[in-house]
Amino acid sequence: MKTPLAKVCITGGCGFIGSHLVDACVARGIEVTVIDNLSSGKVEYITGHVRSGNVQFIKGSILDPYLAKTALASVDTVFHLAANPDARRGIEDPSVDLELEVVTTFQVLEMMRRQAGPRRIIFASSGTVYGDVGGLEVNEDFGPCQPISPYGAGKLAAEAFISAYAGSFGISGIVCRFGNVVGERATHGALFDFANRLKENLSVLPILGDGSQAKPYIYVRDIVDGLLFVAERADAQFDVFNMAPQGASTVEFLARVLLRELGLTDTMIETGNTPYGWIGDIPQSRMSGQKLAKLGWSPSYTSDQAVEVGVKAFAEDLKLTEPFRTLLRECRAGIDEADRERTSISSTVFVAAASGRRFPEDPEVLALGMERGDGRGAMRMVSRSIRGAVIGAGLIGRQRSHSFISVGDTCLKYVCDPERAAGIKLANEVAALQGQPCEWVQDYEALLTRDIDLAFVAVPHNIAAEIVMRLLENRINVLMEKPMGINVEEAQAIASIARDSKATLAVGFNYRHYPAIARAKQLVQQGVIGNVIYVRMILGHGGRPGYEKEWKLSRAKCGGGVLFDPGVHLVDLGRFFLGELEPVQAHIATLHWSVDVEDIAVAIARNHQGAEFHLHTSLIEWENHFFVGIFGDGGYIKINGRMGNYGVQELVYGKKWAWLENGSQRERNVVEVFGNEDTSFSQETKLVVEAIRNGRPVPENHEDGLRATELVDQLYRMATVKP
Ligand SMILES: NC(=O)c1ccc[n+]([C@@H]2O[C@H](COP(=O)([O-])OP(=O)(O)OC[C@H]3O[C@@H](n4cnc5c(N)ncnc54)[C@H](O)[C@@H]3O)[C@@H](O)[C@H]2O)c1
């Protein structure tokens, strides 16, 4: 009997196999939700479908319960493909396979058990579960299965959980044990490795093992066809199917076909001397496809044919990518080895040149490059790590410290805070994380003569301006947290020094760097919602007991109430979406807290095209709340949540009146969920560090800081105030 598929979820749907499965489902008119954290997959593979409204895409991990629930809601079948697909990774760190094969599957099953998800799971397993059984052709009844890699063990454990959930909780589970899958969009595996090796060197292709390892290969579109077949035809509560052709192809054959398809007939193949490629690799694998054949499905190609077809498709794609295109062109033009080497490392040269640093005697200079051995003069390529300081060891200072050291090629040299205990605590934490010393200094003046590339200033508003100006005068690049000074006069003074300084000032408007905000900007630029008519933002802070005693609610220390902070963030976001804004109207009031600043504010501004910006911010929300709505003449984008205790960030966009055509809420929207981990600081820090390293403009500078402060100031001046 055939079970028609109506709505499916594909975990890992941006991956190699998953994205082909998405194509096939869309072609059959099946509604698809994809959840993928893009750890190895690429969203480009499915973007066309998302844009045309055929696929709902959720970016994030299936391990996030909220996202998993959202992705699995109201679908009838889940194709569970999200995993670590690379068996070699687990040899270095077996916990990867525990988490990404077993726990991901457990998560899906738990959602199903709690009735929050579908009743049917089709699972992407692998022939590696059988272990090393020599050249024996295994069928699904073979046992005991004794995998020899953590990857195989993870797949087998996941299968066992599916079987148990089928037995105990009445779900339906179909396990598909794949052979080796080949074809276009491969994200890992032998073919992918070969391509990477060739990018380094076109004259020799080293292959792991002696080349005689042989596995059954299956073309990716055959696998997809097989998956859809079992989803529609397999009717047991639990069942297992091999999906592989008879016979096997050697890895050397795979390499030869790739070289032939790329036209690299002179490239030598260099083999090792072990019968296996790496520890955990099964040297000989044969799988019987008889069980599925009896049900009515077999792959359309033999193993060797699948290699021919799959490698050809893979090579066609590869030839179009950089640096392959250049390499092949150069190769054809007979350019020698030394010049090819130069091509592949030229980006390092530019980094070094742009950093403009002296390197030879500096012990911290990292020599990344190499000597040119082509007789045209030695060129040494260097880049040095960026040295940082954090001033202010509070919450944000700590965030910036962590983000900075995780950028890579960075070293946080100093933490400055007048509070000894807080300063030393953060300095020690940083030192342990980066494996290099980090010194606490009490007074920022001590930093002015030190060799620092970038200082982060995360101190109360009333003392920031002086510190920032002194750093800039001493040619130290700065990232200062918004607002740029406690009032418009300070902002003007800072901007004036920044304009004349040799150093750069970045202003921390991290809201621009929330993934949903960045995505919304992209959608606006792509014209998805037409011309923007108005933008509405709401930021409600929940407050907390004793909040009135904190510095943010003191006019002297903060500079204003909620219109100033967080208002300045919202005003900046308004400019981000609408361009330059002029103030129209504002109202402020102090409704609850016993403080000398407003605890609620509404304001309106307008851009030069007449589009309006509406802002509402308060400290009396009792539970944090963040909303951004962008409304165009052709559609809308709505963002809810700002991660952390503002909730998971979710973006929904849709066309104007699409519900009139489609009916249900779900069908008219595209929903993207960005998880609950606040990545805005790390993303902004990374962009600023890279800009400083490469001498490029920073994302938001002193002009942005000044304009946002001026606008808030203008709104204050015109605001009506509740008596
Ligand atoms: N390619 C093969 O030869 C082969 C053979 C046997 C089994 N398989 C299995 O088929 C499935 C798909 O493999 P593939 O070759 O397409 O690999 P792939 O890496 O291209 O696809 C896996 C996808 O899962 C995503 N992902 C990883 N962890 C995730 C998480 N926690 N939450 C959400 N998404 C996550 C990745 O970004 C990627 O898009 C995997 O389960 C793999 O083990 C593949």
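How many bridges join β26 to strand β27 (residues 612-618)? Seven bridges join these two strands, which run antiparallel, and the wider setting of this pair can be followed through the predicted model described here. Residues are numbered from 1 along each chain, as its sequence is written. Because the model is predicted, local features are given where pLDDT is at least 70 and side-chain atom pairs count only at pLDDT 80 or more, whereas totals for chains, interfaces and linings use all residues.

The protein chain is divided into domain 1 (7-319), domain 2 (384-510) and domain 3 (512-721), with bounds that come from an automatic or database domain assignment. Two strands are said to pair if DSSP finds at least two bridges between them.

Eight residues of domain 3 are in contact with 11 residues of domain 1, contact meaning that the C-beta atoms, placed from the backbone, lie within 7 Å. On the domain 1 side, β3 (55-59) and α3 (65-72) each supply at least two residues, and the largest share, four residues, comes from β3. The centres of domain 1 and domain 3, taken over C-alpha atoms, are separated by 42 Å.

A second open sheet has six strands in the order β20-β19-β18-β21-β22-β23, and its pairing is parallel. Here β20 (439-441) and β23 (505-508) stand at the edges with a single partner strand each, so one side of each is left without a neighbour in the sheet. Strand β18 (residues 386-391) is joined to strand β19 (residues 410-416) by six bridges, and Val390 stands opposite Val415 in β19. Helix α15 (residues 420-434) packs on the sheet, touching β19 and β20, and its direction makes about 170° with that of β19. Helix α16 (residues 461-473) lies across β18, β21 (454-457), β22 (477-481) and β23, running at about 165° to β22. Such angles run from 0 to 180 degrees between N-to-C directions, and axes are lines fitted to C-alpha atoms, for helices over the stretch in contact.

Helix α17 (residues 488-500) and helix α24 (residues 702-718) pack at an angle of about 165°, with their axes 9 Å apart. The two are therefore roughly antiparallel to each other, a term used for angles over 145 degrees. Among the residues that meet are Val488, Ile494 and Ala498 in α17 and Leu706, Thr709 and Asp713 in α24.

Ala589 stands opposite Ile600 in β26, while Val602 has His616 in β27 as its bridge partner. The hairpin of β26 and β27 has four residues between the strands, and there Gly610 takes a positive phi near 95°.

Definitions and conventions. Contact = placed C-beta atoms within 7 Å. Parallel < 35°, antiparallel > 145°, perpendicular 65-115°, else oblique.
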